[in-house]
Structures are given as C-alpha cells and as structure tokens.
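Please look over the sequence and the structure below before reading on. The paragraphs that follow begin with one residue and then widen to the whole protein.

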Amino acid sequence: MIKRALQNHTAIDLAGISVEVFENEVTLEGTVDSRYQKELAAKIAWKTPGVRNVVNNLKVIHENTRITLNLFYKQLAKFY
C-alpha cells in the first residue's frame, strides 16, 4: 500500500526509495531530490492504516548532484 501511494504521488520519484515494513514500523531508505519530498514520503507512510512508527532515512540529494555523481561513476567504471 505504501509503495503504491508513493508511486501515485506526482511529487515523488519512487525509483530512489526503498520501503521496508516490519510489524507496524516502516523504514524509508534511499534518496530524494528535496526536503519536501523527504517529508512528504514520511507523511504518506504515516497515513497508511496500521503504521505506528516511520523511520525516515531518506537522504536529500539535489538533481544536479545526482547527475554529477552518475557521470562520475560512469567515468570511473571505464577504468575498472
């Protein structure tokens, strides 16, 4: 339910987010482009029935930084 709700929200790109559920606790891991997206993902998780705790480990990495890192890793991969 949480993944579907995140996926259906236009402001969130689920590709960078992993959702783990253990009992009534949800853990969000991965990266998002803004603090707004980080907070929104947590709010969506909290609204899911049965959730009693949300651990929001999402890291904010701005899109420009993400593009730069992707290019760096591609270049680095050429050497290995």
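Predicted model: local features only at pLDDT ≥ 70, side-chain atom pairs only at ≥ 80, totals over all residues.

Which residues does Thr27 touch, not counting residues up to four places away in sequence? They are Ser18, Val19, Glu20, Val55 and Asn57, where contact means heavy atoms within 4.5 Å. Thr27 lies in strand E2, and it counts as buried because its relative accessibility is 17%; buried means under 20% relative accessible area, exposed means over 50%, and partly exposed covers what is in between, with a 1.4 Å probe and protein chains only.

Residues are numbered from 1 along each chain as its sequence is written, and side-chain values use heavy atoms, with hydrogens and water left out.

The protein contains three helices and four strands, and along the sequence these follow the pattern α-β-β-α-β-β-α. Helices (H or I, at least four residues) and strands (E, at least two) are DSSP runs, numbered from the N terminus. Of the contacts in the protein with a separation of 6 or more, 60% are between residues 24 or more positions apart. The C-alpha atoms fill a box of roughly 50 × 25 × 20 Å, taken along the principal axes. The radius of gyration is 15 Å, whereas a compact globule of 80 residues would have one near 12 Å; this radius is taken over C-alpha atoms, and the globule rule is 2.2 Å times the number of residues to the power 0.38.

Buried residues make up 25% of the 80 residues. In soluble globular proteins, nonpolar side chains tend to be buried together. Here the largest nonpolar core has 17 residues, and those with the most contacts inside it are Leu6, Ile17 and Val26; such a core is a set of buried Ala, Val, Leu, Ile, Met, Phe, Trp, Tyr and Cys residues joined through side-chain atoms within 4.5 Å. Two or more residues come from each of helix H1 (2-8), strand E1 (17-22), strand E2 (25-32) and helix H2, and H2 gives the most, with five residues. Leu6, leaving out residues up to four places away in sequence, touches Ile12, Leu14, Ile17, Val19, Ala41 and Ile44.

The structure holds one salt bridge, which joins Arg35 to Glu39 with the closest N and O atoms 3.3 Å apart; the term stands for a side-chain nitrogen of Lys or Arg within 4 Å of a carboxyl oxygen of Asp or Glu. Side chains of opposite charge can pair when their charged atoms come close. Both Arg35 and Glu39 lie in H2, four residues apart, which is about one turn of the helix. Arg35 counts as exposed because its relative accessibility is 55%, whereas Glu39, at 39%, counts as partly exposed.

What follows H2 is the loop between helix H2 (35-46) and strand E3 (53-56), where Thr48 lies. Is Thr48 buried or exposed? Thr48 counts as buried, because its relative accessibility is 11%, and, leaving aside its neighbours within four places in sequence, it is in contact with Met1 and Ile2. Lys47, in the loop between H2 and E3, counts as exposed at 71% relative accessibility, and its C-alpha atom is separated by 8.9 Å from that of Ile2, 45 residues apart along the chain.

Another loop, between E1 and E2, holds Glu23. Most residues other than glycine have a negative phi, and most peptide bonds are trans. Glu23 is not a glycine, yet it has a positive phi of about 55°, and it is exposed, with a relative accessible area of 66%.

The last stop is the surface. The protein exposes about 5,900 Å², of which carbon and sulfur atoms supply 55%; accessible areas come from the Shrake-Rupley method with a 1.4 Å probe, and for residues only the protein chains shown count as cover. Leu69, Phe72, Tyr73, Leu76, Phe79 and Tyr80 form a nonpolar patch on the surface, with about 750 Å² of accessible area together. Patches are made of residues with over 30% relative accessible area and no salt bridge, like charges being joined within 9 Å and nonpolar side chains (Val, Leu, Ile, Met, Phe, Trp, Tyr) within 5 Å. Leu76 lies in helix H3 (residues 63-78) and counts as partly exposed at 33% relative accessibility.
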